[in-house]
Every structure is written in C-alpha cells, then in structure tokens.
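Have the sequence and the 3D view ready.

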Amino acid sequence: MSSRQQPPWRQPPSSPDAQLPPLKVWNSLTKSKTPFVPIDSAGKKVVWYACGPTVYDDAHLGHARNYVSTDIIRRIMRDYFKFDVNFVMNITDVDDKIILRARQQHLFNEFITANPTITSEVLDTVKSAFVAYLKKNLPLLDPETPPARYQNEVEKTYATILNGGALPGNEKAGDDEAKVKMHIKTAASAAKVFAQAETPHGSSADPALFAESFYSNAQDLILPYLDALKGASVDADDHSIFTKLTKRYEERFTKDMRDLNVLDPTELTRVTEYGDEIAAFVDRIVKNNFGYATKDGSVYFDINAFEAAGHPYARLEPWSRSDNKLAAEGEGSLASKTTEKRGASDFALWKSSKPGEPSWSSAWGKGRPGWHIECSAMASARLGNQMDIHSGGIDLAFPHHDNELAQSEAYWHGDHKHEQWVNYFLHMGHLSIQGSKMSKSLKNFTTIREALDRKDWSPRSLRIVFLLGGWKDGVEITDDLVNTGSSWEEKVNNFFLKVKDPAALQSSGTDTTFAADLETAKKAVHDQLCDSFNTPAVMASISELISKFNIADKAAVPSQDVQAAAQWVTSMVNMFGLNGTASADSTEIGWSGIDIPEEAKPYLYPLSAMRDTLREAARSKAGISAKDIEAAVAQASAPQEASESAKPYAELFSNFRNKVVSLESSDSIGKDILSLCDRVRDIDLFDVGIALEDRENQPALVRPVTQEMLKAREEKETRARQKQAEKLKNQQEALKKAEKGKLSHLEMFRTSEYTAWDDEGMPTRDASGEEITKSRAKKLRKDWERQKKAHEAWLATQAK
C-alpha cells in the first residue's frame with residue numbers, strides 16, 4: 001500500500017434485526033460516503049466522541065462553525081433518524097498553549113503591579129521585547145529597527161506581502177502571509193505607543209491612563225518576552241495559576257455554546273481529571289512495545305514499531321505524514337528538542353515537566369500528557385475499545401486525530417478484535433474570512449460573544465448560514481452568503497406569519513396539489529438527509545415548498561393541508577435547532593421572533609384595529625366623517641396602568657388616539673387621517689421594532705421588524721440622502737452658474753489685460769497695445785457668446 005493512500009476501512013456489520021435508515025455519511029477514513037451502521041446490534045444506540053475546546057481564550061466564530069455544525073448533525077441523528085446518541089466531549093484544560101498563556105498572564109500582571117507607570121526601566125524592557133519579537137516573527141526586518149522608524153521600514157521590507165503577494169517559496173498568499181500581516185500589525189501597535197512614550201509630553205497628561213493604553217497596545221510583545229525570561233521560575237505547584245485561566249474560559253465557552261443553542265454534551269471530560277488514567281494508558285502502550293521512554297522522563301510513540309506490527313499510521317491523511325511543520329505544531333511550543341527519539345516523526349505521549357510546568361506522577365517521574373494522548377485515554381475510558389463516531393474540526397485531522405487513532409489502536413492491541421477504534425470520522429470544514437481560515441493564531445477572528453452582543457449575528461442567522469454551507473466543506477462569509485441566509489430566514493418568517501393567520505386555516509377548498517407538493521418535499525428531504533446530512537439541499541427544498549404555497553390559490557387549498565405543511569416546516573426548523581429549545585415534535589406552529597412582545601399586545605392590537613377602521617373609512621368613496629372618527633376611537637380600549645416595559649407601547653397608543661381626536665373637521669381630514677396612519681406605521685411603530693403590514697380586505701399584520709426590513713429602510717434612507725445631496729449639489733451648481741451670469745458680457749473683457757474694445761466690449765488690442773490676432777479674437781468671441789447667454793439668463797431670474 002502506498003504511503004499516500006488511505007488504508008482499507010472495514011464496514012461495520014449490520015444485524016438483520018436492525019431497522020436502519022439508508023443513511024450514508026462522508027467518512028474521513030475513506031474520503032467517501034459510507035453506509036452508517038452503528039455498533040449497537042439493535043441499531044439504536046450511537047456512541048460519539050467530539051474534540052472539545054482548549055480553554056485559554058474566548059471562542060470565536062471559527063469555533064462556532066465546528067460546534068454548531070456538529071450540533072446540527074447530532075440533532076438530525078437524534079430527532080430525525082431517532083438514534084439514541086451518547087455524545088461525549090472533552091475540555092482540554094492543560095496543554096502547551098494553556099501553560100504559556102497562564103504563565104504569561106501571571107507574569108504580566110506581576111509586571112504591571114510592580115510598574116504602574118511607564119518608566120525608563122519599563123521602556124528598556126519593552127524595547128528588548130520589541131527586538132525579540134521582530135527577530136522571531138519578522139525575520140526580514142532588522143530587529144534593531146527603532147520603534148519610531150518601524151512603520152516606514154516594515155512597509156518597505158514587507159511591501160510584497162502587504163500588497164497581497166506571497167512569501168519567498170510560496171506560490172500564492174495564504175495563512176503564512178496572513179500570519180505575517182498579523183505580526184506586522186501587532187508590532188505596529190507596540191511601536192506606536194513606544195514612540196509616543198519617548199516623546200516629550202507624550203505620556204505626561206495622565207500617567208495612569210497612559211500606562212493602561214501603553215500596556216494594552218504592547219502586551220502581545222511583552223507576554224512572550226517575560227515568559228522567556230521568567231517562565232521557568234513560576235511556581236507550577238500552584239495550580240491556581242493555570243486553573244484560574246481554564247475555569248474562566250470553560251465557563252465562557254459553555255455560555256457561548258448555550259447562547260448558540262448548542263446542546264450540552266451527554267458527558268464532559270477534562271484532562272486534569274484524568275491524569276492518572278492517562279499515565280496508565282501510556283504505560284500500557286509502552287508495555288505493548290509501541291512506546292519508549294527517554295532519559296528526561298518523556299515517553300514517545302514508536303511509529304516504526306507500530307507499522308511493523310501491521311498497523312497503518314496516519315489513516316486519515318497519509319499524504320501529510322511527512323509534513324514536518326504540521327507535526328511540530330502538534331507537539332506544542334514547549335516541546336523538548338531531544339535527539340533520543342527513535343524516529344523523527346515519533347510524537348510525545350508523555351512530557352517530562354520542566355520548571356514552570358504543572359505535573360502529575362508517573363512511572364517515568366513527574367510529567368504531563370502529550371496533547372494527542374488526552375483524547376485517546378478519555379474517549380477509551382468513557383466509550384471503550386470502539387466507537388461509532390469521532391468528530392472535530394478539519395484542522396485536527398493530522399496530526400492530532402491520526403495520532404489519536406494510532407495510540408488507541410496501540411493501547412487495544414492484542415485484545416481488540418476490530419483494530420478499528422473509530423468507524424466514522426466526521427470533520428467540520430473551516431470558516432474563512434478573506435481567504436484565510438478564522439483562527440486565534442492569525443488574530444483574524446470575531447469572538448462569539450462580540451458577534452452576538454454587537455448583533456452582527458443571531459444564534460439563528462449564524463446557524464442558517466452553516467446549514468446553507470454544509471458541514472464538511474469550508475464556508476467563507478461573503479455578502480452573498482449573508483444575504484442568502486437573511487432571505488431564507490425572512491421567507492420562513494413570512495410563511496409562519498401567513499399560516500398562523502386564522503384566515504389561512506378557514507379554507508374549505510379541495511385542490512390537492514399543495515398536499516402533493518408537501519409529500520414531494522418530505523421525500524426529497526429524507527433523501528437529502530440520508531445523503532450525508534445534505535443540509536444545503538434540505539434548505540432549498542423547504543424554500544421551494546414555501547414558494548409553492550406563496551403562489552397557490554389559498555381559497556382552493558384545504559386548511560388541513562396548510563396546517564400539515566406548517567407543522568412539517570416547524571418540525572424541520574426545530575430539528576435544526578433554529579427555534580431555541582423547542583422540540584422537533586412540538587405541536588406549536590412557527591418559531592420565536594415572529595410575534596410581538598406580550599407586553600405590547602394590549603396596546604398595539606387595539607391601536608392597529610383603530611387604525612384599520614380609520615384608514616378604511618378615509619379611503620372609501622364616501623370619505624370619513626367626524627362620527628366615523630368618534631366611533632373608531634370609542635371602540636379602541638387599552639389598560640390604563642402600564643408596566644415599565646409596556647410604557648413605550650402605551651404611549652404610542654395614547655399619542656395616536658390623541659392626534660386623531662385633535663384633528664379639526666375639514667375637507668382634508670381624510671388626507672390628515674391617512675397621513676397619521678402612515679406615520680404611525682412607518683416611523684412611530686418601526687422605531688420600537690414593530691412592523692405593520694397593510695393587506696387588502698384584511699386587518700393589518702402586526703409583527704416584529706426584521707433585519708431585512710431594517711436593511712430596506714437603511715437603503716431607502718441612503719437613497720433619500722443621496723437624492724437630497726444631489727439636489728443640493730444641483731442647486732449649488734445652478735447658483736454658481738447664475739452668479740457667473742451676473743457679469744455682463746459687455747463688461748467681461750474690460751480688464752487690464754486689454755487696452756481697447758469695440759462697442760460690444762470685445763477686445764481689439766492687448767495690454768501692450770498690439771492688435772488682437774484673428775485666432776485669439778475667434779476664441780474670445782466664443783467666450784463672449786457663452787457669457788451673453790449666462791447674463792441674459794441671470795437677468796431673467798432677476799425679473800421674476
């Protein structure tokens with residue numbers, strides 16, 4: 001078998017008694033769609049392990065891509081295919097990144113406490129940090145470049161990369177170039193504030209305030225420098241230094257996931273709670289002759305021995321096994337540079353702890369788990385020697401997941417009949433921004449918290465985009481994709497509003513066309529979900545059904561068919577997690593967000609009804625009378641006492657009623673009423689997030705304002721501003737032109753440039769007394785004619 005080909009995969013046997021759906025899933029172990037057969041002989045239970053977060057920072061939208069897409073598949077498995085899913089996820093709360101970040105934050109806080117203001121000693125330290133940062137991350141630049149000259153020098157040195165080009169040796173720009181740009185930006189922030197600190201009076205206004213700004217802008221340079229100097233001196237036995245960081249970010253991650261409506265795992269495992277089990281797991285691999293210890297107390301996986309025993313290494317990406325860069329990243333930034341490894345690609349199972357690193361006891365002395373072994377040990381402890389599904393982001397395939405597979409097969413060697421630890425590996429695609437994957441290392445991310453707080457995304461809108469993009473392929477956030485997602489959401493919004501309207505369920509028609517459309521959609525969606533959870537196709541099928549409903553003759557469609565379609569669409573959006581905690585089998589139609597707030601209803605429903613009555617009368621041939629107005633106002637009643645949250649709506653009701661009552665009877669009262677009706681719809685209600693949609697021969701629809709409506713309003717206002725600006729520009733140009741015409745053509749050339757003129761004011765001699773040439777006279781005559789027209793136009797405006 002070629003080292004670049006995936007090894008054979010064995011299809012799990014199915015029990016004749018199991019009633020399995022014809023589900024096929026894209027399996028990373030085969031790079032193809034394979035029939036899904038659970039280990040459970042009854043075909044009901046599914047065991048699933050998912051790689052969770054490394055908790056050293058806030059989760060960003062790239063993480064949301066992974067966890068939301070995983071959640072969608074999990075919900076489909078549970079709610080559509082009715083599998084009993086045991087979903088185990090880990091929290092990595094100890095690894096190189098966490099140790100570094102925790103130590104850096106600890107040392108940085110100590111440094112700030114010791115140096116509350118920016119002194120010459122602080123500047124010396126930061127200058128050294130600046131030099132070290134340039135030397136490591138921007139090697140083409142002279143590390144001794146003064147901060148004040150940094151911007152000019154870096155723009156010259158890295159001009160190619162800054163202009164979208166590639167680094168030497170790279171065919172095209174990608175993540176490497178994005179990382180360089182990130183380092184340029186990071187160093188620029190520090191250089192700017194450093195130069196400011198060096199200038200007289202640059203930091204004299206408020207030392208404490210300046211110090212806060214200085215440290216904020218320079219911290220990404222200071223952090224690694226302090227750790228390089230003092231990291232080994234940190235008391236690693238004080239685990240609070242590390243757990244303070246991990247507990248904080250685990251809590252924030254959990255909140256982020258719940259805010260995104262991601263289901264909690266069935267079981268959560270943490271590395272720090274499995275230290276002994278991991279050490280025992282490593283020990284068994286060593287005893288199975290697939291691992292070996294080095295003199296410093298580290299333990300490495302022996303790839304050659306593993307393959308010699310007949311096991312394939314790198315099942316997922318055999319073509320990546322010679323990628324030294326990926327392998328090095330998998331070992332972590334604190335990896336020891338040892339010459340004792342038997343093979344260059346052998347990876348750490350257990351790392352001897354160096355000063356400044358937390359540790360656990362083991363047969364090889366104090367140490368801590370390698371990154372890859374953590375998941376192998378925890379997943380095996382919870383799920384045993386074989387699982388149905390393992391999942392994670394595509395960036396984990398090699399080396400992390402390939403090493404996981406090797407370690408686990410090495411552990412179960414001898415008593416594991418299957419030798420296939422994982423039957424189905426599912427990898428979620430990247431989320432990209434401007435061609436680069438969104439990641440912490442590139443600092444090109446928006447945190448989940450920021451995105452939700454700023455209303456850039458809602459949990460629903462983000463999930464819709466991931467549904468439209470599919471789960472295994474990369475998704476790039478583009479305006480087109482965002483607009484497609486918004487349009488799909490708005491279409492479903494409108495569908496639910498229509499079918500929830502009592503009028504939609506009163507038809508006694510007998511046309512069965514729409515019922516057939518519904519059955520066609522159900523069949524298509526079943527096939528699409530069986531086709532490796534093809535959610536883009538499912539979303540299109542739902543949209544197509546709604547389109548058919550929109551064009552159907554509502555009077556001919558039986559109400560029970562409308563009800564059935566509404567119930568089915570509701571079940572689909574609920575299953576996808578688009579409707580909060582609503583279950584897929586909920587009998588309630590629709591999703592959240594299509595109804596106005598409860599506290600608004602006692603005021604806005606009467607307001608809308610009063611407006612409907614007034615508007616209908618004002619538009620009638622007979623017109624509206626004072627008696628009509630009095631009757632409409634009398635029929636509208638609302639509670640006198642309003643709660644604090646209801647006050648804005650109570651005021652709207654009261655203000656509209658008072659304005660109507662205060663109108664004086666006149667020939668234009670109908671227009672005045674319609675003007676008030678338009679204003680309350682277009683401005684007053686819209687400004688508090690409520691939309692009124694007028695409908696022919698039906699009451700106005702009262703609904704929340706949607707993002708699409710907000711966007712349409714903004715576009716309308718932009719067009720109005722542009723039109724006004726154009727009008728003002730035209731007026732100014734006309735005024736300028738008119739002012740130019742103020743000067744008479746008979747006087748326009750009577751300047752020192754000439755010495756003689758004819759009766760029309762045309763020059764005959766120049767300033768030196770020379771006669772004007774024929775060619776020049778011809779040109780001056782054209783100017784004279786233009787000015788004559790302009791002056792006559794000006795005179796006409798003065799006569800008005």
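Start in helix α25 (residues 774–799), where D783 and R786 sit three residues apart, about one turn of the helix; helices here are DSSP runs of H or I with at least four residues, strands runs of E with at least two, both numbered from the N terminus. The side chains of D783 and R786 form a salt bridge, 2.3 Å from N to O, a term that asks for a side-chain nitrogen of Lys or Arg within 4 Å of a carboxyl oxygen of Asp or Glu. R786 is exposed, with a relative accessible area of 53%; exposed means over 50%, buried under 20% and partly exposed in between (1.4 Å probe, protein chains only).

A word on the source: this is a predicted model, in which local features need pLDDT of at least 70 and side-chain atom pairs pLDDT 80 or more, while totals for chains, interfaces and linings use all residues. Residues are numbered from 1 along each chain as its sequence is written, and side-chain values use heavy atoms, leaving out hydrogens and water.

The structure holds 49 salt bridges. One of them joins D96 to R368, with the closest N and O atoms 3.0 Å apart. D96 belongs to helix α2 and R368 to strand β9 (residues 367–369), so this pair ties together parts 272 residues apart in sequence. Both D96 and R368 are buried.

Another salt bridge brings together K325 and D176, at 2.7 Å from N to O. This pair also links distant parts of the chain, with K325 in helix α11 (residues 324–331) and D176 in helix α6, 149 residues apart. K325 is partly exposed at 47% relative accessible area, and D176 is partly exposed at 29%.
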